[in-house]
Amino acid sequence: MAQYLVGLDGGTTGCKTCIFDLDGKLVGSDYREYPSYYPEPGWVEQTTEDLLPNFYDSIKTAINKSAKNNVRESKTINFVKSYTLMRK
């Protein structure tokens, strides 16, 4: 079975998923926008409820666009810094 690398970049305005073969050739991609909230100048907030469905849909769509529907496994490396504030 062929192997592929799946990358997801979750940014401030949207997320992009790219699928590459092991030779580095792009075989599928997808981009989704999601809302950002600006409660004060210089602040930006996002909600998990807005982000996660877009992440999942972007990954699924990129796989479908690549016609590599035999993707069964992925490895994850996370280089993201994020903060979630919780109320008591």
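Modeller: Two strands pair if DSSP finds at least two bridges between them, and helices (H or I, at least four residues) and strands (E, at least two) are DSSP runs numbered from the N terminus. This is a predicted model, in which local features need pLDDT of at least 70, side-chain atom pairs count only at pLDDT 80 or more, and totals for chains, interfaces and linings use all residues. Residues are numbered from 1 along each chain as its sequence is written, and side-chain values use heavy atoms, with hydrogens and water left out.

Colleague: How do you know that strand β1 and strand β2 pair, and in which sense?

Modeller: Strand β1 (residues 4-10) and strand β2 (residues 14-21) are joined over seven bridges in the antiparallel sense, and they form a hairpin with three residues between them. Within this pairing, Val6 has Ile19 of β2 as its bridge partner.

Colleague: Why is Ser58 called buried?

Modeller: Buried means under 20% relative accessible area (exposed is over 50%, partly exposed in between, with a 1.4 Å probe and protein chains only); Ser58 has 0% relative accessibility, so Ser58 counts as buried. Ser58 lies in helix α1 (residues 48-66).

Colleague: What makes the pair of Tyr34 and Phe55 edge-to-face?

Modeller: Rings of Phe, Tyr and Trp (its six-membered ring) pair if their centres lie within 6.5 Å, and planes under 30 degrees apart count as stacked, over 60 as edge-to-face and the rest as tilted. The ring centres of Tyr34 and Phe55 are 6.2 Å apart and their planes stand at 70°, so the pair is edge-to-face.
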